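Here are some exercises to work through with the model open beside you. Try each task before you read its solution.

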Amino acid sequence: MEHTAEVTGIGVGTSEDGSNVPAVLLAARSEYLPIVVTADQARAIQLGLSGEPFERPLTHDLLVEMLTEFGGAVDGIRIDDLADGTFYAKVDVEQYDEGEARKFVFDARPSDAIALAVRVDCPITVTDGVLDSAGRPEDEFEPERIDDFDDEP
C-alpha cells in the first residue's frame, strides 16, 4: 500500500563524529520518514519549498521548465524501496502529444525527486515497506530551516 507524504521540512541531526547531518523529513502514516541528504540537496529542497525565485533557474527548475516545454508534466513521485540503507524513488511523468498521453517512469534519487515534487506541487507517496523499515515516531524529530544548517563540525 502507498501513503501520501508531505515534506515537513529539513531536520538536522548529529553524526557519530559530531558533524551536522541534514535529512528531509516526510510525514506519512502518522510517522516521519527521515531521508539523509547532502547539504546541497537539502538546500535545493528548501529553496523549492520557499518558492523564492532565482534570477537564473537552478537545476531542478531547469528540468521542470524543459519538461514542460516538451509537453510533459511530473504527475507524482514514489519512494518505493529501501535496500542496504539506500532509498529508491521513481518520478512518474506524462507527456502529451496531440491530445494523447504517454506515461514514463524515471528512476531517481529521493532527494532529486522530492526537489522536483516541491517545485511542481505533485503528490509524494511512500510504500508501507519503506515506512515499516525506516519510519520513526513524530516526537523523535523537530524540523528546522536549512538556513540554520551548518555542515561544519
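**Exercise 1. Find which residues D92 is in contact with, leaving aside its neighbours within four places in sequence.**

Solution. Start by locating D92, which is found in strand 5 (residues 86-97); helices (H or I, at least four residues) and strands (E, at least two) are DSSP runs, numbered from the N terminus. Next, list the residues in contact, that is, with heavy atoms within 4.5 Å. Beyond the neighbours within four places in sequence, D92 touches A73, V74, D75, G76, R78, F104 and V105. Finally, look at the side chains: D92 and R78 are joined by a polar contact of 2.8 Å. A polar contact is a pair of N or O atoms within 3.5 Å; within protein, one must be able to donate a hydrogen and the other to accept it, and residues adjacent in sequence count only if both atoms are side-chain atoms.

A word on the model before you go on. It is predicted, so local features need pLDDT of at least 70 and side-chain atom pairs count only at pLDDT 80 or more, while totals for chains, interfaces and linings use all residues. Residues are numbered from 1 along each chain as its sequence is written, and side-chain values use heavy atoms, with hydrogens and water left out.

**Exercise 2. Work out the strand order of the open sheet and say which strands stand at its edges.**

Solution. Trace the eight strands across the open sheet: the order is 6-5-4-7-1-2-3-8, and the pairing is mixed. Two strands pair if DSSP finds at least two bridges between them. Now go to the edges, where strand 6 (100-108) and strand 8 (136-137) each have a single partner strand, so one side of each has no neighbour in the sheet.

**Exercise 3. Describe helix 1: how far does it reach, which of its residues are buried, and what covers them?**

Solution. First the span. Helix 1 covers residues 39-50, twelve residues in total, and reaches 16 Å from first C-alpha to last, close to the 16 Å expected; the expected span is 1.5 Å times one less than the number of residues. Second, the burial, where buried means under 20% relative accessible area, exposed over 50%, and partly exposed in between (1.4 Å probe, protein chains only). The buried residues of helix 1 are A39, Q41, A42, A44, I45, Q46 and G48. Take A39 as an example: its relative accessible area is 11%, so it counts as buried. Third, the cover: it includes strand 1 (2-14), strand 2 (20-28), helix 2 (59-69) and helix 3 (110-120). Last, look just after helix 1, where G51 has a positive phi of about 75°.

**Exercise 4. Are S30 and D121, with their positive phi, buried or exposed?**

Solution. Begin with the background: most residues other than glycine have a negative phi. S30 has a phi near 60° and sits in the loop between strand 2 and strand 3 (31-36). Its relative accessible area is 65%, so S30 is exposed. D121 has a phi of about 55° and belongs to the loop between helix 3 and strand 7. With a relative accessible area of 72%, D121 is exposed.

**Exercise 5. How many salt bridges are there, and which parts do the pairs tie together?**

Solution. Set the rule: a salt bridge is a side-chain nitrogen of Lys or Arg within 4 Å of a carboxyl oxygen of Asp or Glu. The count by this rule is eight salt bridges.

- D132 and R29 have their closest N and O atoms 2.9 Å apart. D132 lies in helix 4 (residues 128-134) and R29 in the loop between strand 2 and strand 3, so the pair ties together parts 103 residues apart in sequence.
- R119 and D61 meet at 2.7 Å, N to O. R119 is in helix 3 and D61 in helix 2, so parts 58 residues apart in sequence are tied together.
- K90 and D80 meet at 3.3 Å, N to O. K90 is in strand 5 and D80 in strand 4 (residues 72-83), so this pair ties together parts ten residues apart in sequence.

To finish, follow the shared partners: salt bridges join R29, E31, D128 and D132 into one network.
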